[in-house]
Amino acid sequence: MSSKVINWLDERLGLTGIYDTVLDRNVPKVNWWFTLGSASLILFVLQGVTGVFLTVYYSPTPDHAYDSIQFIMNGVAYGWLIRGIHHWGATLMVITVIAHMLRTFYYAAYKYPRELTWVTGVILLLTTLGMGLTGYLLPMNQKSYWATTVATEIPGTVPIIGPFLTSVMRGGPDISALTLSRFFALHIWFLPAMIALVIGVHMYLIIRLGISHIPDKDE
Amino acid sequence: MTKSPHISRREFVAIFVGALGTIMAVAVGLPAIGYLISPTVRTKKTDAWVSMGPLEGYPVGQPTLFTFTRARVNGWEKTVNSFGVYVWRETEDDVTTYSNWCTHLSCRVTWRDEEEIYVCPCHDGLFDISGKVVGGPPPRPLDQYENKVEDGVLFIRLEEA
C-alpha cells in the first residue's frame with residue numbers, strides 16, 4: 001500500500017531522481033573533515049527555526065528589547081532552551097563555517113573547476129559573520145551596545161567616506177532605535193534570504209561538480 | 001546476495017536513524033509547542049484585599065471617593081490601571097463600597113453632594129446614594145466591592161480576571 005503511494009508520487013514528482021542526484025551521488029574516499037559543510041547547513045536551519053520561534057516574543061525596540069528577552073528566558077516555557085540553542089548555535093556556526101573554509105583551503109579543493117563554489121563559500125562566510133554582528137545587538141544590553149559602537153566605528157576610519165559608512169550602519173549619528181530596527185531587519189530578512197539563496201547555488205555546484213578527493217602526497 | 005534471516009546492516013541503520021530522528025523531533029517539538037502556548041494558558045488572576053486607609057477618615061452619610069492604581073504585567077509590558085471607589089458609611093459601622101465605573105459603558109461616575117446623586121458624564125446615567133439606577137441608560141445598579149474592616153482599616157476585595 002505505502003509503496004503504491006510512493007510509486008504514484010514518484011512517477012509524478014521524480015523523487016528517486018532527486019534522491020539519487022542529491023544524496024546517493026558518488027564521493028571519493030574522504031574523512032570527517034568533509035562533514036563540516038553539512039554541519040554548517042544543519043546549523044543554519046537550526047538557527048532559522050529557533051530564530052523564527054524567538055521572534056514570537058522578541059520586540060525590536062530599545063524600550064522593550066531587553067525586557068522581552070528577559071521574558072523569553074524567565075516567563076515562557078522552554079524559552080531558555082530556544083534562546084540557548086540560538087545563542088550557542090550562532091557561535092558553533094561561525095566555528096564550523098571557518099573550519100569548513102580551512103579544510104577546503106588545506107585540501108586545495110577550491111581549484112578548477114570549483115572556483116565558484118569557493119567564491120559562494122566566501123560570501124556565505126561573510127554573511128554568517130554579518131549575522132553574528134547584527135544578532136549581537138539584539139539583546140540590547142551593555143555588551144551589545146558597546147560592541148556595536150565599536151563595530152560601527154571601524155568603517156569610520158575609511159578615508160573620506162568613513163563617517164558616511166558609520167552613519168549608514170547606525171541609521172543616524174548614534175546607536176538608536178533606528179540602529180536596532182535595521183540590524184533586526186538585516187538579521188531576520190536580508191541576510192538569511194541572501195544566505196539561503198547562496199547556499200542554493202553552493203549546493204548546486206557541489207552536486208554538479210562533485211567533491212574533490214584528498215590530495216595525494218605527490219600532488 | 002541471498003536474503004539473510006537476520007536484519008541487514010542497512011536495515012539496522014535505517015531503523016536506528018528513524019528512531020533517533022523521532023526521539024529528536026519529539027524532544028524539540030514538545031518544548032516548541034509549550035513555548036508557543038505557555039503565556040496564553042497562564043492565568044493571571046489577581047485576588048487581593050486593597051487597603052482604603054482608616055475607616056475614621058471617611059465621613060458618615062456622605063459617599064467619598066478613594067482612588068488607587070494597580071499595575072499589571074503582560075509579558076514585558078506593564079500597564080497601570082486606575083480604580084475609583086466610593087465609600088459610603090450609611091451609619092458608623094454599615095459600610096458599602098461602590099465602583100465608580102458606570103454600569104453602562106464604564107465611564108466614571110461622580111457624586112454630587114447638593115443633588116445627592118451619582119452622575120455619569122457620558123450619557124447622563126443617574127444613580128441614587130444606594131447605587132440604584134434612577135435615570136439614563138445604565139442597565140444595573142453600581143457594582144459593589146466586598147469590604148471588611150480590620151483594626152480600624154477599611155479593605156476592599158479586588159478581583160481581576
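Helices and strands here are DSSP runs, numbered from the N terminus; a helix has at least four residues. The model is predicted.

**Exercise 1.** Find the cis peptide bond that involves A:Pro113, and place A:Pro113 in chain A.

Solution. 
- Step 1: The cis bond joins A:Tyr112 and A:Pro113. Its omega is about 5°.

**Exercise 2.** Is B:Ser106 buried, partly exposed or exposed? Give its phi and its loop too.

Solution. 
- Step 1: Phi of B:Ser106 is about 65°, positive although the residue is not a glycine.
- Step 2: Its loop runs between strand 4 (95-99) and strand 5 (110-112) of chain B.
- Step 3: Buried means under 20% relative accessible area, and exposed means over 50%. B:Ser106 has 38%, so it is partly exposed.

**Exercise 3.** Treat B:Asp124 likewise: buried or exposed?

Solution. 
- Step 1: B:Asp124, not a glycine, has a positive phi near 60°.
- Step 2: Relative accessibility is 54%, so B:Asp124 counts as exposed.

**Exercise 4.** Which strands of the chain B sheet stand at the edges, and why is one side of each left without a neighbour?

Solution. 
- Step 1: Four strands make an open, antiparallel sheet in chain B, ordered 5-6-7-8.
- Step 2: Strand 5 and strand 8 (133-135) are at the edges. Each has a single partner strand, so one side lacks a neighbour in the sheet.
- Step 3: Strand 5 meets strand 6 through three bridges. B:Trp111 stands opposite B:Tyr118 of strand 6.

Conventions: Residues are numbered from 1 along each chain as its sequence is written. Chains are lettered from A and ligands numbered from 1 in the order in which they are written. This is a predicted model: local features need pLDDT of at least 70, side-chain atom pairs count only at pLDDT 80 or more; totals for chains, interfaces and linings use all residues. Side-chain values use heavy atoms; hydrogens and water are left out. Helices (H or I, at least four residues) and strands (E, at least two) are DSSP runs, numbered from the N terminus. Buried means under 20% relative accessible area, exposed over 50%, partly exposed in between (1.4 Å probe, protein chains only). Two strands pair if DSSP finds at least two bridges between them.
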